[in-house]
Amino acid sequence: MRGRSGRAHKKRILAYVVCAAIFLVCLYTYLGKRTSGESALQYGKQSLMKLGSSYLHGDEDSDSVGMLHEAYTKLWTDDAFPKSFPVCDDSLSELIPCLDKNLIYQTRLKVDYSLMEHYERHCPSPDRRYNCLIPPPPGYKIPVKWPQSRDEVWKANIPHTHLAHEKSDQNWMVVKGNKIYFPGGGTHFHYGADKYIASIANMLKFPNNNLNNRGKLRTVLDVGCGVASFGGYLLSSDMIAMSLAPNDVHENQIQFALERGIPAYLGVLGSKRLPYPSRSFELAHCSRCRIDWLQRDGILLLELDRLLRPGGYFAYSSPEAYAQDDEDRKIWREMNALVGRMCWKVVARKNQTAIWQKPLTNHCYLERKPGTRPHLCGSDDDPDAVWGVPMKACITPYSEHDHKARGSGLAPWPARLISPPPRLADFGYSSEMFKNDLELWRQRVDKYWNILGPNMLSDGVRNIMDMNANMGSFAAALKEKDVWVMNVVPEDGPNTLKIIYDRGLIGTVHNWCEAFSTYPRTYDLLHASTIFSDIKKKGCSLEDLLLEMDRILRPSGFAIIHDKLTVVNYVKKYLEALRWEAIGDSTPEAGQDEDAFLVVRKKLWSTSRQF
């Protein structure tokens with residue numbers, strides 16, 4: 001009798017535990033919120049253990065633990081995966097979670113407005129994240145294809161016309177019918193970015209008025225870029241710009257840039273370093289960017305100095321550059337004195353534009369009088385540490401290699417794309433490893449495109465993001481295709497982003513446990529190589545990452561998940577809920593958990609509320 005009673009007791013316990021498990025799964029699906037990381041499953045496990053301990057009176061014999069383990073395992077079956085996600089309210093169609101102004105007000109976050117901290121990243125805690133699919137705006141259409149998109153986009157995709165009215169005298173954009181057109185103008189180049197770019201090249205006496213100077217100038221930072229017409233027109237000169245602007249009073253300017261197919265990023269020169277390594281750009285540009293360069297001992301100019309390569313240029317178009325009144329003349333004198341102490345020299349000045357050049361070596365820095373400010377950064381400062389690192393009001397001296405080489409030692413574009421850069425040695429990588437990595441990704445890209453090709457409209461992919469770029473070989477393998485790639489390097493791994501910039505590519509540092517700094521629906525293709533395995537190790541939510549990828553991805557856009565087979569199979573179970581469809585995959589032999597990849601496409605859908 002005692003044995004039977006014990007078995008009955010255990011059966012009752014198992015029933016309680018299974019019921020509790022089912023209840024928790026239903027609760028998770030209904031609420032659509034998680035507390036943290038793999039929160040629903042983790043919370044379920046903890047709750048079941050508590051329930052088991054209570055019902056078993058603390059008895060942790062092997063049978064009891066086995067029953068709890070079996071019940072918890074059921075949470076990982078197909079039934080535990082959501083069949084659908086709720087759709088966010090239409091008001092969230094342009095949500096950028098870590099640049100959400102409402103979050104600052106709702107959480108009463110203390111920010112220094114004078115330092116532009118309200119435009120910097122402030123991410124919601126896990127319990128404040130939206131567990132829903134971001135809807136497109138009413139009337140959304142598949143974006144206009146490149147290169148036509150440089151000059152026109154669908155108004156329904158970004159239904160904001162305030163910039164067209166505010167900047168009507170500067171030719172930023174013009175609304176006509178159901179489209180928005182971009183004549184190529186800007187605040188200081190009303191008659192077209194192409195003519196303005198040629199004038200800068202002429203000021204620098206570059207051959208044929210071509211700003212790329214026979215491939216010596218490739219990467220550009222455009223600060224306060226507006227709708228990125230400057231960067232858009234640089235592309236025809238085989239140059240690529242990181243067009244940068246905050247989500248400020250000219251909100252949607254970066255959204256317009258990306259809709260046009262032009263590389264762009266939401267960021268601000270505020271209190272923290274920009275997410276790019278030192279010596280990344282050959283040219284920095286500011287056209288009436290409304291920045292006080294003299295504030296805080298010139299810290300913002302010193303941030304540009306950190307980012308410019310040896311011999312790099314800063315093109316500055318602003319009233320101060322041509323000094324029309326006493327206030328402008330005062331600002332010009334103080335600014336010129338500051339950059340003089342930074343060892344920059346004016347190399348050209350004409351009409352509205354002044355161009356300074358950074359020195360090639362450390363000689364000028366070492367010859368300055370003792371006590372000259374700004375001082376040199378200390379040897380303990382890592383100029384490539386950027387994620388959440390405050391700016392510093394000091395000059396970053398060159399490495400011993402750059403000082404001796406009188407420059408970065410980079411090949412001209414396009415040779416630099418496949419030439420091992422000197423900074424490979426910082427990671428202990430050999431030239432042979434570099435070449436093998438490129439060949440590996442060429443082969444993989446061929447496999448991807450064999451699947452994508454039949455499913456992709458002509459010129460259907462323009463904006464691409466490599467979510468775990470390593471040395472940038474995925475992007476390098478795409479050189480012959482008319483695309484650009486945002487190369488993302490995890491903030492806690494080797495900072496290979498400097499290799500990426502040395503190859504003439506662009507990118508940023510990021511933590512994929514958080515949302516990316518971009519608008520919804522801004523990328524045509526996301527490439528996620530081992531990123532799921534990586535964030536799983538951090539204890540972050542894979543489901544959150546999938547929802548973030550969906551937010552970034554354009555309707556009818558593609559995602560490539562390249563990871564372990566178990567990870568790929570995990571993602572497959574979410575496709576229905578995400579409204580994605582699988583269009584191809586590659587799997588290892590049975591019984592192995594080696595690399596596999598899955599290619600999916602996001603479906604175009606609208607909410608019933610939009611009709």
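What follows is a set of questions and answers on this predicted model.

Q: How many helices and strands does the protein chain have?
A: This is a predicted model, so the elements are assigned from predicted coordinates. The secondary structure of the protein chain comes to 20 helices and 17 strands.

Q: What percentage of the 611 residues in the protein chain is buried?
A: A residue counts as buried when its relative accessible area is under 20%. By that cut-off, the buried share of the 611 residues is 57%.

Q: Of the contacts in the protein chain with a separation of 6 or more, what share is accounted for by residues 24 or more positions apart?
A: Take the contacts in the protein chain whose partners are separated by 6 or more. Within that set, residues 24 or more positions apart account for 71%.

Q: Which residue of H17 does Trp512 touch besides Ile531?
A: Leaving out residues up to four places away in sequence, Trp512 touches Met465, Met467, Val488, Ile531, Ile535, Leu545, Glu548 and Ile552. Helix H17 covers residues 531–538, and its buried residues are Ile531, Phe532, Ser533 and Ile535.

Q: Which residue with a positive phi follows H17?
A: The buried residues of H17 are covered by elements including strand E12 (484–490), helix H18 (542–552) and helix H19 (565–572). H17 is followed by a residue whose phi is positive, near 85°. That residue is Gly539.

Q: Is Leu525 buried or exposed?
A: Leu525 lies in strand E14 (residues 523–529). Beyond its neighbours within four places in sequence, Leu525 is in contact with residues including Trp449, Leu452, Val461, Phe558 and Ile560. Its relative accessibility is 0%, so Leu525 counts as buried.

Q: How far apart in space are Leu525 and Arg601, C-alpha to C-alpha?
A: In sequence, 76 residues separate Leu525 and Arg601. In space, C-alpha to C-alpha, the distance is 9.1 Å.

Q: Why do the buried residues of H11 line one face of the helix?
A: Helix H11 (residues 326–341) has the buried residues Asp328, Trp332, Met335, Leu338 and Val339, while the face turned away from them carries the exposed residues Asp326 and Arg333. Seen down the axis of H11, the buried residues line one face because they fall within an arc of 135°.

Q: What length does H11 reach from its first C-alpha to its last?
A: H11 has 16 residues, and at 1.5 Å a residue the expected span is 22 Å. The length in the model is close to that, at 23 Å.

Q: Which strands are the edges of the seven-stranded sheet?
A: The seven strands form an open, mixed sheet in the order E6-E5-E4-E7-E8-E10-E9. Neighbouring strands are turned by 20° against each other on average, direction ignored. The edge strands each pair on one side only, and they are E6 and E9.

Q: Which residue in the turn between E9 and E10 has a positive phi?
A: E9 and E10 pair in the antiparallel sense over five bridges, with Lys345 opposite Gln357. These strands form a hairpin with two residues between them, and the turn residue with a phi of about 55° is Asn351.

Q: Which residue in E3 stands opposite Val153?
A: Three strands form an open antiparallel sheet in the order E1-E3-E2. Within this sheet, E1 and E3 (residues 179–181) pair over three bridges. Opposite Val153 stands Ile180.

Terms used:
Residues numbered from 1 in each chain as written. Predicted model: local features only at pLDDT ≥ 70, side-chain atom pairs only at ≥ 80, totals over all residues. Heavy atoms only, no water. Contact = heavy atoms within 4.5 Å. Pairing = 2+ DSSP bridges. Helix = DSSP H or I, 4+ residues; strand = E, 2+ residues; numbered from the N terminus. Expected span 1.5 Å × (residues − 1). Buried < 20%, exposed > 50% of the residue type's maximum accessible area, 1.4 Å probe, protein only. Arc of directions from axis to C-beta. Axes fitted to C-alpha atoms, helices over the stretch in contact; angles between N-to-C directions.
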